[in-house]
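Q: I have a chain open here and want to go through its surface. Can you take my questions one at a time?
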Amino acid sequence: MYRQIFVSPTGNLTLTIPQSWYGQQIEVIAFPIDEMLNTSITDVLMSERIAENRKKREENSRKYAVSFSSLGFKFNREDANNYDE
């Protein structure tokens, strides 16, 4: 990804791309940056993606949660640390 912020006093811009991108399809997106907001669109998209992933993870945790005590499992520290047997 290549990101550059421009301020154009005349309305004309020239964009130079890396040589490794020559011959490839590229996408150019331009939008004004709101100085009062002080966040970029990338930050907003990442925070939305993080929130989505967190929600999915919490749903899966609830869906597949197992209560070991209801299954009759009881942790025995003596058995867990007995390496000789």
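Q: Is I5 buried or exposed?
A: I5 counts as exposed, because its relative accessibility is 52% and exposed means over 50%, buried under 20% and partly exposed in between, with a 1.4 Å probe and protein chains only. The model is predicted, with local features needing pLDDT of at least 70, side-chain atom pairs pLDDT 80 or more, and totals for chains, interfaces and linings using all residues. Residues are numbered from 1 along each chain as its sequence is written, and side-chain values use heavy atoms, without hydrogens and water.

Q: Where is I5 found?
A: In the segment before α1 (41-63); helices are DSSP runs of H or I with at least four residues, numbered from the N terminus.

Q: How far is the C-alpha atom of I5 from that of A30?
A: They are separated by 9.5 Å, and the two residues are 25 apart along the chain.

Q: What about I26, which class does it get?
A: Partly exposed, because its relative accessibility is 40%. I26 also lies in the segment before α1.

Q: Switching to the whole chain, how many helices and strands are there?
A: The protein chain has 2 helices and 0 strands, where a strand is a DSSP run of E with at least two residues.

Q: And what share of the residues is buried?
A: Of the 85 residues, 1% count as buried.
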